[in-house]
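Have a go at each one before you read its solution.

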Amino acid sequence: MPFFEADRIEKKYKDFTLSASFSIEEGEFLSIIGPSGSGKSTLLSIIAGIERPDSGTLSIDGRNITDEKIQKRGISMVFQDFSLFPSMNTEKNIQFGMKEKDSAKRREMAGKLLEIVGLKGYGKRSVSSLSGGEAQRVALARAIAAEPRMILFDEPLSALDPPLRKHLRSIIRSIHDSLKITVIYVTHDIEEAFAISDRILVMKDGRVMTVKSAEELYRKPDSLFTAFFTGEGTVLPAHLLFDNVEGNAFFRPEDAQIAEDAISEDMYPRHIVLNDCTVLSADFSGPHYMLGLSYQGYPVLAEVQRKPRKANVSVKIPKDSILVLE
Ligand code: ADP
């Protein structure tokens with residue numbers, strides 16, 4: 001039995017229908033990604049109990065929580081805008097959801113939590129004096145203080161600068177690892193999802209497209225949508241590369257190997273060879289060049305270490321790194 005399960009959850013708005021089923025294990029870190037408007041926040045609000053589903057069930061540890069009030073679910077939430085209480089100082093914010101009643105113990109727990117999130121000694125600070133990164137760490141400490149069964153994060157780092165985002169995501173992940181808290185984490189940033197998650201759920205148009213680990217999602221996407229949502233690549237009609245195969249052939253730029261002379265197909269039986277590709281562009285990105293090529297009029301992307309000297313190149317791609325997708 002999974003720790004948390006969303007079973008055939010449906011929610012209809014005027015022009016949008018959410019329809020989702022998925023489950024997670026205890027202590028797992030699951031991210032939800034998808035384009036804007038795909039239903040990520042709606043799904044999270046339903047799990048938290050802020051919104052009610054039209055149908056379907058939610059359960060934690062086999063207990064049906066679909067009709068339970070927010071406060072009863074044992075779920076904490078961390079929002080993009082921190083949502084701290086401005087009238088309370090940092091310590092009081094953290095103490096807010098604590099089950100412990102003894103005030104000395106509450107203070108001690110808040111102090112420990114501030115230490116865990118790297119804000120030792122911040123207890124008496126007013127929350128309006130905190131930077132964005134500090135405020136989000138206080139929100140994280142407050143979420144943990146309630147001893148939840150699960151923490152939901154709704155784009156928690158979107159309002160912060162990129163270097164701070166990376167720092168905070170490593171804090172979130174290491175706290176997850178040491179406390180073994182079950183996490184559902186919504187983000188639109190695929191790099192963030194790759195870095196932080198055990199598994200990633202991809203949403204499109206209110207539906208769950210797939211749930212996989214970061215590596216599986218990148219290396220073995222099961223649709224063109226997921227392939228392009230998780231990185232760059234080339235799509236060619238499959239029949240151009242394989243006899244009697246319909247659909248789309250997809251490969252990543254780093255799997256396309258370049259040669260400046262024609263490649264004999266006989267010498268590379270485990271590869272697909274694309275001879276006579278025209279070099280259209282070579283974008284330098286620091287670690288490599290991204291070549292924009294044209295093969296029989298189709299665009300092809302190849303990641304290379306050196307810029308080719310010739311205007312025409314050949315490409316070979318290992319057959320086992322080419323996926324045929326819908
Ligand atoms: P995401 O978080 O992936 O950007 P949302 O869950 O916020 O997507 O929104 C999904 C769709 O549901 C959008 O088309 C949005 O306009 C619609 N929607 C969300 N909340 C409501 C609401 N309370 N009433 C009507 N439509 C809503």
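The exercises below move from the overall fold to one strand and then to the ligand. This is a predicted model, in which local features need pLDDT of at least 70, side-chain atom pairs count only at pLDDT 80 or more, and totals for chains, interfaces and linings use all residues. Residues are numbered from 1 along each chain as its sequence is written.

**Exercise 1.** How many helices and strands does the protein have?

*Solution.* Start with the DSSP runs, numbered from the N terminus: helices are H or I of at least four residues, strands are E of at least two. The protein has nine helices and 18 strands. Next, take burial, where a residue is buried if 20 or more other C-beta atoms, placed from the backbone, lie within 10 Å of its own. By that count, 35% of the 326 residues are buried.

**Exercise 2.** Which strands pair with β17?

*Solution.* Pairing requires at least two DSSP bridges between two strands. Strand β13 (residues 257–259) runs antiparallel to β17, joined by three bridges, and here Ala-259 stands opposite Ser-314. Strand β14 (residues 271–284) also pairs with β17 in the antiparallel sense, over six bridges; Ile-272 stands opposite Ile-317. Finally, β17 (residues 312–318) is largely enclosed by the rest of the structure, because five of its seven residues are buried.

**Exercise 3.** Which helix gives the most to the shell around the ligand?

*Solution.* List the surrounding residues (C-beta atom, placed from the backbone, within 6 Å of the ligand): among them are Tyr-13, Phe-16, Lys-40, Ser-41 and Thr-42. Helix α1 (residues 40–48) gives the most, with three residues.

Notes. Buried ≥ 20, exposed ≤ 12 C-beta atoms within 10 Å, placed from the backbone.
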